[in-house]
Amino acid sequence: MPPALQPITRINLKLLQTFILVAEHSSFRHAADETRRSQSAVSTQIKQLESQLGLALFHRTTRRVQLTNDGEQLLISSRRAIQEVELCLRKLNETVDIKRGRISLSCSPTIAATRLPRILSAFEEDYPGIQMFIREQSSNDLFNSVRNQEVDFGVGPIIQSSDFDFETILNDDLYALVPRRFMPKAKESITLEELSRLPVLLLNHATALRALLEDTMRARKLKLTTKYEFTQAQTLISMAAVGLGAAILPKTVVPHETPCHILRVVDPPLFRQVAIITVRGQALSPAASRLAQLLRQFIDPSDTKLINKPIRRAGKRLR
């Protein structure tokens, strides 16, 4: 009569790991090579496991090692058990990372000024132990910081490049702030041809928005009359407010109150795409992944939950 089975809680997981290796390779020698132990040490571990279980796990001959029926059942259960342990450990590590981690983020100025503050506030309230490092950068510097992995990820425009992965999180329509002295009658939109007849205020050449505008105008055989160009969107808004020219800006930064007409750019309708930007193939840390998830949910300026309500509760649902 075989000895009684020992409680499974008394079996060392290392013995199960060795058993899995021998079973998968059908070889004590290959298992020994993979674990960098001697073949006799592996054989001793299997005998110890069989003794604890009171079962033969392998049929051994001079030519081959084959699982018994009991061994096949144990292999299925052991794989499942090891996977569960590894999953649990991974979740525990992620919990530690989220509680004590750090995130470095590079962000385009227009998004940093309008969407990032409330999102970061909500994130920090839920994860106060995470250190945050934010870089507000124009497109060229943003892409360099992501490429050199100086930041976890970037939030900015989409460009043609094989170096990066882009996940679109916002389609941001372009608008013109047109002083009333250039357009006495109110309207809802303005064409590129109409804009070409006005003095315009633009963001500088370091921005992807400027490149989008110039490429589209060139394709239409039109030319903008650039009166002033600036680095910050708020400067364009202020200049347009005193009547110096029509400011062309993404909807994200268009003010709710202005003495100018707020006109959507049409014919063609233009918009910029804002994306989460990573080095191609890069996986985000758990902490960075949580922030990226919050950005996906609440960066859209048409989301009334972001405009009218606190977003802290939504952030807590990320757990």
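**Labels and their rules**

Biologist: Where is the place of K221?
Modeller: K221 sits in the loop between α9 and β9. This is a predicted model, in which local features need pLDDT of at least 70 and side-chain atom pairs count only at pLDDT 80 or more, while totals for chains, interfaces and linings use all residues. Residues are numbered from 1 along each chain as its sequence is written, and side-chain values use heavy atoms, with hydrogens and water left out.

Biologist: What makes K221 count as buried, partly exposed or exposed?
Modeller: Its relative accessibility is 79%. Buried means under 20% relative accessible area, exposed means over 50%, and partly exposed is in between (1.4 Å probe, protein chains only). The value of 79% is over 50%, so K221 counts as exposed. The phi of K221 is also near 60°, a positive value in a residue other than glycine.

Biologist: What makes F230 part of a strand?
Modeller: F230 belongs to β9, which covers residues 225–230. Helices (H or I, at least four residues) and strands (E, at least two) are DSSP runs, numbered from the N terminus. F230 has a relative accessible area of 19%, and so it is buried. F230 and N204 are 26 residues apart in sequence, but their C-alpha atoms are 5.5 Å apart in space.

Biologist: How do you know that D163 and R147 form a salt bridge?
Modeller: The closest N and O atoms of this pair are 3.2 Å apart. The rule asks for a side-chain nitrogen of Lys or Arg within 4 Å of a carboxyl oxygen of Asp or Glu, so the pair qualifies. It links distant parts of the chain, 16 residues apart: D163 is in the loop between β5 (153–157) and β6 (164–178), and R147 is in helix α7. D163 is partly exposed at 35%, and R147 is partly exposed at 37%. By this rule the count comes to 15 salt bridges.

Biologist: How do you know that R272 forms a salt bridge with D172?
Modeller: Their closest N and O atoms are 3.1 Å apart, which is within the limit. The pair links strand β12, where R272 lies, to strand β6, where D172 lies, and the two are 100 residues apart. R272 is buried, because its relative accessible area is 13%. D172 is buried as well, at 0%.

Biologist: What makes R220 and D267 a tie between parts of the chain?
Modeller: R220 and D267 form a salt bridge whose closest N and O atoms are 3.5 Å apart. R220 is in the loop between α9 and β9 and D267 in the loop between β11 and β12, so the pair ties together parts that are 47 residues apart in sequence. Elsewhere, salt bridges that share partners join R210, E214 and E229 into one network. R220 is partly exposed at 39%, and D267 is partly exposed at 43%.

Biologist: What else is there to say about D267?
Modeller: The phi of D267 is near 50°, a positive value in a residue other than glycine. A cis peptide bond joins D267 and P268, with omega about 0°. P268 is in the loop between β11 (261–266) and β12.

Biologist: Why can V85 be in a nonpolar surface patch?
Modeller: Patches are made of residues with over 30% relative accessible area and no salt bridge; like charges are joined within 9 Å, and nonpolar side chains (Val, Leu, Ile, Met, Phe, Trp, Tyr) within 5 Å. V85 has 32% relative accessibility, so it clears the 30% limit and counts as partly exposed. V85 is in helix α4 (residues 69–100). Together, L13, V85 and L89 make a patch of about 230 Å².

Biologist: Which residues lie nearest the centre of the largest pocket?
Modeller: They are T110, L203, T207, L209 and R272, out of 30 lining residues. α5 gives the most to this lining, with four residues. The pocket holds about 580 Å³ of space. By class, its lining has 17 nonpolar, eleven polar and two charged residues. A pocket is an open set of points on a 1 Å grid where a 1.4 Å probe fits, with protein on both sides within 12 Å along at least five of seven lines; lining residues have an atom within 4 Å of a point.

Notes
Areas by Shrake-Rupley, 256 points an atom, 1.4 Å probe, with all protein chains shown as cover. Points joined across faces, edges and corners; volume = space filled by probe spheres on them. Nonpolar A, V, L, I, M, F, W, Y, C, P; charged D, E, K, R; others polar.
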